[in-house]
Amino acid sequence: MTMGRGTNTREEGRRWFGLYLWLVVLFAEQAGAQIRYSVPEEVEDGTVVGNIAKDLGLDVGGLGDRRIRVVSGSEEAAILEVNRNNGALYVSRHIDREELCQGGAACLVELKILVENPLEIHYALVQIVDANDHAPSFPEAEQTFQIAEHTLPGRRFQLHAARDPDAGVNSIRAYTLTPNDHFDINIRQSDAGKVPFLVLKKSLDREQKDKHSLLVTAADGGKPPRCGALNVSIVVLDSNDNRPVFSQDIYEMTIAENIEIGTSIFQMNATDADEGTNGEIQYIFSETLSRDVYDIFELDEFTGEIRVRGKIDFEENNLYELNIDASDKATPPLTGECRIIIKIKDVNDNAPQIEVTSLSNQVSEDSKPGTVISLVSVTDKDSGVNAKIISRITKNVPFELKPSYKENTYSVVTKTFLDREDVSHYELLITATDCGETPLSAFKSLNVQVADVNDNSPHFERNPLEFYLLENNMAGKSVFSVSAMDKDMEENAAISYQISRGGEANDIASFLNINPETGEVTALKSFDFETLKSFQFQVSATDGGSPPLSGNVTVKVFILDQNDNAPVILYPLSSNGSARGAEEIPRNAKAGDSVTKVRAYDADTGYNGWLLFSLRPLGERALFSLDRYTGQIRTLRPFTETDEAEHRLLVLVKDNGDVSLSATATVTVKLAEPKEALAASDHAGSAAEADRREDRVTFYLALTLGSVSLLLVIAVVVLIAMRCSKPAEYTSKYLQDAHYDGTLCHSIQYRSGDKRYMLVGPRMSVASAGAPGSHAGTLVLPDARRAAAGEVRI
């Protein structure tokens, strides 16, 4: 150690001697050009460095006029000033060589001296001489080394280098170490200066001493020298000769899949017999694990606690194997390992899934029970009892689930026969429920359309159908239409109509045509109520199915009367287009005696055939009266001598149609003297008796017809009520008659040969006019000349 220090001293002496020679040569070269001064650092302000005026040869007495001064070209030059009175160069402010020269070997300050009148510029060099004003210092007060007990001798550890701003001999000259048995100090010279190293001389033993405290001192070359100290702590580290050990090589545990994130599931516990860092254990996952383990679990490297980091799904993975490494903090570290087997317990967190494979979304309505229409498969991602599924069709429909040979696979089949006309489509709701503790369910809708088959024949709402047709219809025009219904659809419900024809020459169906698509019936002829009052025919309706089905209906048509016939006068008889007749009565006839009766007939019926008689006398009106309904002419009063012998009466016969038609008859009444009428008295008596008998018959006939009319009224009212209770399209506008009162509509008398006939009929409504049996009755009376026979025929 002593020899090393002597060698270093000699080397430093040689360096300082070379520097001194360089300065001497430098100053010798510039001696003729510049004035040089020297001043130590840290001198007081005002210290005189030299007299620049004398050194420059200037007149000291004229310095005030020449304004001599130091021109500051830099901050260094501003530390010196010139006294203008005596020319002395003095220190004007504090001088710090380390601040001015940054620790350089030579610190020179160049001064520019300015003199005026005349103008002169002179230069001077001032050397700042270093003073030992700084002690060596370390960047840190303490330095610690951790050295393992198995470290071999000779190992070097670099110490912090001290720093001294002074230069030359005042800089750091040596490092010393407190005496000890295990360490020494070594100095390495570098461009930056001296670098100290701590050298291990003897192996350490932690069991004998686990810590060493040393003091490193740095001293400069000043007189007296100044020093700085560094406290060095040596921590002896234990040798890592024990690895961490787990209590078990394999751990097993079970957790539920719905465990919350952040839940702690296991606490690792490994031990290490070493101390310090050799016994401090750090837990990590083995690098051989897959990446998904790191996403699901996390391991606290210090405590060994395993927590859930991500969502655990039994259906994705039901078992995890974690390899855990326990490593101490030694260098190099020793490692122990174990395996954790984590089993995932399934929970019922998945609802069943229903998959429907439809063979067809239609099923024919004539399909037999057991027809398969769809396949259904049900799955559940859970396991065990959570995956046991009960499937069913919840709605009350004629379908059922039939299990197949494979579990959770079913066929949707029909239970009964289907009827599209009853239900055209079904919506099946399939429900699948698992058997978990909290059951979960899934639902699936399946729409099934029922395909139509031609199993329904066309049918008419009523059979027979009844229609009313006004006579004198226009030939070739539509008179009415028939309509059938078919519960089937599309082609199976496409109906065509046709009339069944008998083939006879006088078959009324030969005068009718029907539109096969619309059922509209057209008459090819005009019908006459007086000729034909009703007829019927058959209509067949056929659908478009394969094979086609048919339905028939009987159509009854009643011809309604129109007022197209004028009254016809039966008595008096017509001649040359006019009805004229003559009657003789005795002048002594009493009031109320019958004169004659005008008889008429109308081929129409109902209101159109209801005749009313009125008298249009050409002479005196007060002698005769006319019964409005019967046409009977009677005397109103006895005749007088002043009454004319002949009277002409005009009788108007008018029907009750909407547009009334009429006819007239002229009756001439002659008054005969009683003598002249004696021959005819028997005849007159017989005639009177016949009239009385006729009046009685008429009374009974009217009573009979009134009863029949009353019954007819009741029948018509019932018929109207029945018609009104049916749909509006089948109600005929001819069923109601507001004017019906059941009175006798007409009484017609005519003579044929030796017999007299009376045609009578009840007053009928228009709706009943076409009904069978509505023809007028015929009353046959004996002629007055044969009244004795007393024969009455109806």
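Author: A salt bridge here is a side-chain nitrogen of Lys or Arg within 4 Å of a carboxyl oxygen of Asp or Glu, and by this rule the count comes to twelve salt bridges. This is a predicted model, in which local features need pLDDT of at least 70 and side-chain atom pairs count only at pLDDT 80 or more, while totals for chains, interfaces and linings use all residues. Residues are numbered from 1 along each chain as its sequence is written, and side-chain values use heavy atoms, with hydrogens and water left out.

One of these salt bridges joins Arg66 to Glu120, with the closest N and O atoms 3.3 Å apart. Arg66 belongs to helix 3 (residues 63-66) and Glu120 to strand 7 (residues 120-129), so this pair ties together parts that lie 54 residues apart in sequence; helices (H or I, at least four residues) and strands (E, at least two) are DSSP runs, numbered from the N terminus. For surroundings, buried means under 20% relative accessible area, exposed over 50%, and partly exposed in between (1.4 Å probe, protein chains only). Arg66, at 17% relative accessibility, therefore counts as buried, whereas Glu120, at 26%, counts as partly exposed.

In a further salt bridge, the side chains of Arg637 and Asp643 meet at 3.3 Å, N to O; here Arg637 is partly exposed at 28%, and Asp643 is buried at 12%. The side chains of Arg307 and Glu298 meet at 3.4 Å, N to O, with Arg307 partly exposed at 21% and Glu298 partly exposed at 28%. Finally, salt bridges link Arg67, Arg69 and Glu116 in a network.
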